[in-house]
Structure formats: C-alpha cells, structure tokens
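Reader: I have a model to go through. Can you take me over it piece by piece?
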2 protein chains.
Amino acid sequence: MNIVEFFQQSSGKWFSQRTNHSLTTEPSESGKSTIAVESIDKTDPEVLKLCEYYKLNPSLALCAVRVSWEHTTEWKGGKPSGSTVLVAFADSDQPNQGKLLRMSHDLAQTTLAGRYIIGADAALTLITEAETMYSEERLWFASPNLRLRTSLVKEADGSGIASFFSEIRMGVTKPAG
Amino acid sequence: MNIVEFFQQSSGKWFSQRTNHSLTTEPSESGKSTIAVESIDKTDPEVLKLCEYYKLNPSLALCAVRVSWEHTTEWKGGKPSGSTVLVAFADSDQPNQGKLLRMSHDLAQTTLAGRYIIGADAALTLITEAETMYSEERLWFASPNLRLRTSLVKEADGSGIASFFSEIRMGVTKPAG
C-alpha cells in the first residue's frame, strides 16, 4: 500500500461515527457525519494555492484529494459542514514517507504542513506539529468498506483529545470482509 | 519494543474511557472503567492451567500478565468486574510475533489462543479467530501515561463492533509527553 492507493481506496462516500475522549475531565462526546473523499487534479486552484504557500512544485505532488464532510448530529463549536484539501509529496529517499499539505475550510481557512508515513501494516499515520499543538492521526482499512481512524491532539497546556472514527462505506449495509 | 517491554510499560492502574461503535444500526455506547495490569509469574495457577490446556510448556513463555477491570459506569450485558490472564510465547523464527493465550473471567470463564505482533511503530496487535468471530485489537502508547486501544470484533453474521479505549495512568492528572 502507498499513499496514492490509500487515497484511492478511500474514495467515495462514508458514514462516519465519531467519539471524542477528553484527556482531562470533560465528558466524552459522540456524533455522526457523512464524508465524501474524491481525488482531485494537481491543477485544482486549492492545490495550486497550497503548493504556492509552501513553495513546492505542484507537478511533483504524488496525489491530491478533497475530503468534504457534513455533520448529521450536533458538533460542538464547529460548522455543520466543511472540507479539506490534502496534497502529498513523497520524500525522495523514503517513498513511504513524505510531506502532507492540508488546507481546511471549517470555521476559518487554515493551512498546515505535516508528515505522512505508510506503515508495513498498510496504516497511514499523519503527524502535524504547530507551535501550540501536536496532532497524530492514524487511518487503516479493516476491510475495503470499513475504515477506522484514531486521532490524538495535544495542546501546549497539557490538555488533549483522543478521538475515534469508524467509517462505513455508504450504500453498503454491512462492511465486507 | 518487544511484548515483555510492552506489558511492563502497561503495568499499573489505568483510568479507561471506552466507546463502542456498532457496525450496523445500533447507537454507540460509552463507559468508564478502572484497569489494573500486573506481571505474574509463570508458575501462577492460571498460567499453568492455560498452558496445560494448549499443551505448551510454561517455562518457555516470554511473560504473563493479569488484567483486572472494574466498570465504574453501567456496562450492558457484562459483569461489573472481571479479569484476564495473558501468556505470550514468541515464534522461534520471528521474535516480534507469537502466540498469545488468554483466559478471561467475565460472565463465564473463556480461554482463547490468538496471535500477537509488535510492529515497527511499537504498537501491539492481537488477533483472535474463533469459529464464529474474528477479533483484532491494537494497543499503543501515545506517551508513557496514555495508552490508546482499538478493537474490532466481527461476528459470522456480518455484525460487528468497533471500540476505542483511551487509558490514562491513574495518579497522573494529565498525560505526560
């Protein structure tokens, strides 16, 4: 599995169940969303904007995807829908690792550059570090129609949230495999 | 990281937050538990019983632990507390993989033999297959005091449950690292 294949396998519409566990004292919260993942061209205006911002040549990108979501249950402090564009650049010496650029449209537009690693177990790990936060996301396919995802976000003040997403391909009543 | 070190790092008392996502239509459910993990001797009566059942020589075991839990919130269909003994035997040709024997005392006593794999990313994967179910568990340390765990249980009828546990070492108010 490489990141191009991982995103190809992610393409389509997904029903996503989400739970957030606070790492301090707040109660956990859950919600449901629908997610659509689509491959986009390296000439997509948002891809070009992201690459320009990080001074990377878009023609060298491995792949790009747009993830759009719509929360079907209430989501504290967030918009009911949003989208993120992801663009991957492999390291020249390590084909299974590289840079992952990200532009999100949620409450505001945010751009982030992180790292991706595809493990020997075909799981995709995404790591993003900023001045005040550290985020580690892990995504893997339990079967072609069931994708699992964990996310850990730690803030500089020691607080954090561990989240779990189970995502079932829509149009399939039960996950195969 | 090997499985002996993984269990050593797991030793102690943990506050565990748990969420189950049904893979069909049932609503998700959450709960809290306290978990205690302790290394036990290969001469522990339960270790001997398990090894005898699976016809394995206990002196060849890598390590054994007892995990005891107490649900502090309601847990549908389960006892409020229980324990499991785990015994690991490495494959002779692959030190990072092997057999994992398990004896649980919950509603009933159950014994299972599965496989363990320690990945290059220091995560522990446990796979158990029985006639009517397939279970894949994944455990990893986000920091020494924060352990994350996912579990996927698929039944023969196509139903299943994906669970997520975030476990914070007790006596530590905020996870380090």
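Author: One term to begin with: buried means under 20% relative accessible area, exposed over 50%, and partly exposed in between, with a 1.4 Å probe and protein chains only. This is a predicted model: local features need pLDDT of at least 70, side-chain atom pairs count only at pLDDT 80 or more, and totals for chains, interfaces and linings use all residues. Residues are numbered from 1 along each chain as its sequence is written, chains are lettered from A and ligands numbered from 1 in the order in which they are written, and side-chain values use heavy atoms, with hydrogens and water left out.

Reader: Ok. Ser163(B), buried or exposed?
Author: Ser163(B) counts as buried because its relative accessibility is 6%.

Reader: What does its side chain make a polar contact with?
Author: The side chain of Asn20(B), at 2.7 Å. A polar contact is a pair of N or O atoms within 3.5 Å; within protein, one must be able to donate a hydrogen and the other to accept it, and residues adjacent in sequence count only if both atoms are side-chain atoms.

Reader: Switching to Ala156(A). Buried or exposed?
Author: Ala156(A) is exposed, because its relative accessibility is 64%.

Reader: Which residue stands opposite Leu139(A)?
Author: Arg149(A), in β9(A). Strands here are DSSP runs (E, at least two residues), numbered from the N terminus, and two of them pair if DSSP finds at least two bridges between them. Strand β8 of chain A pairs with β9(A) in the antiparallel sense over 10 bridges.

How values were computed
Helix = DSSP H or I, 4+ residues; strand = E, 2+ residues; numbered from the N terminus.
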